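Work through the exercises below with the model open. Each task is followed by a stepwise solution.

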Amino acid sequence: LKNTTDDALPRYLTSLKFKQSHILADVRLGLGYAAVTISGVTFYADYRLGWDATKSWTLWAVIAYFIINGALTYWIWGIEKGKIFTGQTNNCFISIASSVTKHKPIYSLKVRCSRSGSDIEMLSLSAPFTRWFDSDGYFVPIPFQRWLASEIPLVGEADPLKVDSRSADYRSTESVDAQGTSSTHTSAQASTGEGPELAARSRKSKRSA
């Protein structure tokens, strides 16, 4: 559920003309390919030249391999931190990270928005997967897009037709000004919109008719 939702979010934002940055993914792939290349070259050299001729190279290759893997681990857990989208639109920068607590079907997002020359806004959103997955386990894009447009101001500005003020499940907003002063606002409200369960029942009724 999380992977499917994570994949859908960047597709939706790029369809709204958000310009996605691939720097995080490029660095992660670069470190991964470097580690694999070291392993492959070391194996090939050992196979062709033998252990005696390559043992000194192998020592440095192993050291380099562990350094690169350590850097990759730090990059994933210390820099990316679950980010699934970073990009910008109209001089506004946005970063979105997703997470799921084990055994809880709740999808959570941490959103960081910053506009040129203004305060930084950080949002914490969460909603159950049943908001956009139907009873058969199929992903339904429209409820998910409505949730994003209603909860994230930048997305709502780009897609105002999908904004629904009744759709909030949980939202925590933190604003940080240039002096580093922060203020927090939290809201929670039950959804009253039509979810994928009702949509699925409607489709089944039409088929049976």
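A polar contact is a pair of N or O atoms within 3.5 Å; within protein, one must be able to donate a hydrogen and the other to accept it. The model is predicted.

**Exercise 1.** Locate Asp159 and decide whether Asp159 is buried or exposed.

Solution.
- Start with the chain position. Asp159 sits in the loop between helix H5 (153–158) and strand S6 (170–176).
- Next, take the relative accessible area: 11% for Asp159.
- Buried means under 20%. Asp159 is therefore buried.

**Exercise 2.** Which side chain makes a polar contact with that of Asp159?

Solution.
- The side chains of Asp159 and Tyr12 are joined at 2.7 Å.
- Now list the contacts of Asp159, setting aside neighbours within four places in sequence. They are Tyr12, Leu16 and Ala149.
- Ala149 belongs to the buried residues of H4.

**Exercise 3.** How many residues of helix H4 are buried?

Solution.
- H4 spans residues 141–151.
- Eight of its 11 residues are buried, so the helix counts as mostly covered.
- Among them are Phe144, Trp147 and Leu148.

**Exercise 4.** Trace the bridges through strands S3, S4 and S5.

Solution.
- S3 (residues 92–100) pairs with S4 (residues 106–115) in the antiparallel sense, over nine bridges.
- Their hairpin has five residues between the strands, and His103 takes a positive phi near 70° there.
- S4 also runs antiparallel to S5 (residues 120–128), again with nine bridges.
- Follow Ser114 of S4. Phe93 stands opposite Ser114, and in S5 the bridge partner of Ser114 is Ile120.

Notes: Residues numbered from 1 in each chain as written. Predicted model: local features only at pLDDT ≥ 70, side-chain atom pairs only at ≥ 80, totals over all residues. Heavy atoms only, no water. Helix = DSSP H or I, 4+ residues; strand = E, 2+ residues; numbered from the N terminus. Buried < 20%, exposed > 50% of the residue type's maximum accessible area, 1.4 Å probe, protein only. Contact = heavy atoms within 4.5 Å. Pairing = 2+ DSSP bridges.
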